[in-house]
Amino acid sequence: MGSKPHRKLPALEIGQYDGGSGHAPSVQDVHVQLRDARSSRLMHARRMRATQLKGLGRLLVEGEQELLDALASDLGKPPVEAHLTEIDIVKHEVDFALLHLSEWMEAHHARVPMMLQPASAKTEPQPKGAALVIGAWNYPVQVLLGPLVGALAAGNVVALKPSELAPATSAVIARLVPRYLDPRAVRVVEGGAGVAAELLELEWDHICFTGSERVGRIVAEAAARHLTPVTLELGGKSPAVVLDGNLHAAARRIAHGKALNAGQTCTAPDYVLAVGQGMEKLPEVIHRAFVRFFGRDASTSRDYGRIVNRKAFDRLVGFIEDAEIDRSVTVIGGRHDAETLYIEPTVLVGVDPASPIMQEEIFGPLLPILRVESLDEAMQFINARPSPLAAYLFSERPRPHSAFEQQVRAGAIAFNVCNLHAGMSTLPFGGVGASGMGNYHGRFGFDTFSQLRPVFSKTALVDTLKIAYPPYRKGKTRVVRSVNLGSASKQKLEVNPGDKPGM
Ligand code: NAD
């Protein structure tokens with residue numbers, strides 16, 4: 001770690017986190033200050049949004065080494081992984097937002113039915129206001145600063161609550177944010193569940209939460225008290241079905257998807273469903289892919305991460321121990337070291353679908369492989385369980401692709417790859433059912449943090465609505481209804497997705 005020299009951070013430009021008082025403000029103070037900034041429309045102008053986005057871009061470039069060091073300290077995250085899956089992904093989101101900001105902010109005309117003419121109608125995205133973003137520890141940069149991009153682009157002021165379980169990254173973000181972003185617009189509030197609960201007591205205009213299903217429910221309940229809209233980015237057991245095609249490439253891609261961040265990735269293939277005959281070799285081929293990536297002893301590889309803490313480590317080792325005493329399960333791998341929180345990438349064959357490892361998100365480098373007889377059985381297996389964040393199918397044939405697309409309920413579907421969809425600014429990222437609600441990335445993040453407001457305008461100088469006022473005599477009703485229906489049926493709907501048809 002730390003081969004690059006530390007670049008000097010610029011002097012503070014826009015003010016201290018504590019507002020110059022010398023004291024860290026309370027959660028309530030932060031909330032009041034952000035709500036004031038919201039009321040003063042601080043972030044409305046395009047220029048201000050772009051300035052903040054550029055500040056975030058600079059934070060990621062100039063604070064890069066600090067972030068890399070923190071990620072290494074929290075998760076043993078190898079620098080290449082940290083670049084690809086954390087820093088670069090957010091940097092790309094920032095660039096993408098800056099490139100499209102004007103277009104996203106545009107109002108769109110909506111057609112007005114003949115009966116309501118003369119008039120004009122449009123939709124215009126408005127900032128929701130003050131947003132709260134709560135992050136998880138596994139990608140502590142990406143899942144905190146990623147939603148921030150959409151929130152800033154949409155003109156919101158934002159409170160960021162990093163995960164306390166990635167303390168080094170949380171501290172670096174808390175230090176860097178006030179140096180690069182206007183503290184009236186973005187505040188970092190560090191802390192654990194207690195602080196998150198305090199934040200959730202308060203009224204926000206949008207909450208974006210990344211984390212577990214359990215806490216997601218707590219967040220949704222708290223948001224409901226204020227009727228606050230929520231985006232819940234949760235996890236789940238994302239299956240990888242292997243049906244046909246290049247088995248070796250499939251094995252490498254599944255192994256890579258699983259080993260990333262030592263399996264602590266929300267979209268990681270949680271388990272494999274190997275379909276039919278000819279899959280006997282799959283466990284061994286996947287294990288060989290792990291060995292090719294990290295050597296015979298992955299603990300010596302600089303490219304392999306560690307488990308976040310002892311509690312998570314013990315939970316995962318419990319799964320390995322269960323498998324080792326179960327004679328029907330073959331464990332390929334399974335070595336671990338509590339001191340360094342290392343767990344070897346491990347394949348488990350013959351796991352009972354009713355066993356504990358198949359009931360909860362594994363969130364570690366353990367990969368159960370189960371055999372099923374057909375694609376239909378695989379899809380039934382998936383659909384009988386809570387909807388996962390992603391479902392993967394390895395097959396080169398179009399019919400299985402369309403069956404999978406039509407029948408499987410998941411946050412995302414991907415063919416012959418794992419995780420990659422989650423890094424694209426042109427695709428919405430989010431779950432369905434138990435894996436979450438709402439989405440973000442690129443334009444979808446902008447939309448999530450915007451209210452698409454309709455504006456309708458009609459002159460009253462000449463009262464063309466007279467025809468619609470009571471009393472509704474027989475002839476009048478007929479005229480009103482015929483004009484209205486006629487105009488609606490002939491109306492051509494706008495093709496732009498941001499546009500809504502006229503009333
Ligand atoms: P978590 O739910 O334990 O914690 C997430 C956040 O919630 C943290 O900031 C934490 O401080 C806060 N929190 C904890 N207890 C709380 C409470 N009682 N009230 C209010 N807030 C509370 O999740 P985690 O362990 O940090 O993350 C792992 C989970 O996140 C996995 O399920 C993973 O799949 C999911 N995840 C999803 C995505 C995604 O984008 N969909 C990304 C990363 C992780």
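The structure is a prediction, so local features are described only where pLDDT is at least 70, side-chain atom pairs count only at pLDDT 80 or more, and totals for chains, interfaces and linings use all residues. Residues are numbered from 1 along each chain as its sequence is written, and side-chain values use heavy atoms, with hydrogens and water left out. Helices (H or I, at least four residues) and strands (E, at least two) are DSSP runs, numbered from the N terminus.

An unreviewed UniProt entry gives residues 47-453 the annotation "domain: Aldehyde dehydrogenase".

In the model, E233 belongs to strand β7, which covers residues 230-233. Its relative accessible area is 3%, so E233 is buried (buried means under 20% relative accessible area, exposed over 50%, and partly exposed in between, using a 1.4 Å probe and protein chains only). Leaving aside residues up to four places away in sequence, E233 touches F209, T210, G211, F429, G430, S435, G438, N439 and Y440, where contact means heavy atoms within 4.5 Å.

Now for the helices. Helix α3 takes in residues 64-75, 12 residues in total, and stretches 16 Å from its first C-alpha to its last. That is close to the expected 16 Å at 1.5 Å a residue, the expected span being 1.5 Å times one less than the number of residues. Because 10 of its 12 residues are buried, α3 is largely enclosed by the rest of the structure. Among the buried residues of α3 are E64, L67, L68, A70, L71 and L75. The buried residues of α3 pack against α2 (46-62), α4 (79-105) and α6 (167-180).

Helix α2 has other partners worth a look. Two packed helices are described by the angle between their axes and the distance between the axes. Axes here are lines fitted to C-alpha atoms, for helices over the stretch in contact, and angles run from 0 to 180 degrees between N-to-C directions. The axes of α2 and helix α5 (residues 142-153) come within 9 Å and cross at roughly 160°, which makes α2 roughly antiparallel to α5. Angles under 35 degrees count as roughly parallel, over 145 as roughly antiparallel, 65 to 115 as roughly perpendicular, and the rest as oblique. The α2 and α5 crossing is left-handed; a crossing is left-handed if the near helix is turned anticlockwise from the far one by less than a right angle, and right-handed if clockwise. At this contact, R49, Q52, L53, L56, L59 and L60 of α2 meet L145, L148, V149, L152 and A153 of α5.

With α6, the picture is as follows. The axes of α2 and α6 are 9 Å apart and the helices pack at about 135°, so α2 and α6 are oblique to each other. The crossing of α2 and α6 is right-handed. Here G55, R58, L59 and E62 of α2 meet L176, V177 and Y180 of α6.

Most residues other than glycine have a negative phi, and most peptide bonds are trans. The peptide bond from Q117 to P118 is cis, with omega near -5°, and P118 sits in the loop between β1 (108-110) and β2 (120-127). The bond from P470 to P471 is cis too, with omega near 0°, and P471 is in the loop between β18 (450-457) and α15 (474-490). R41, in the loop between α1 (27-39) and α2, is not a glycine, yet its phi is positive, near 55°. N416 also has a positive phi, near 65°; N416 lies in the loop between β16 (413-415) and β17 (436-437) and is buried, with a relative accessible area of 13%.

Notes. UniProt positions are given in the numbering used here, feature names are shortened, and annotations may be inferred rather than shown by experiment.
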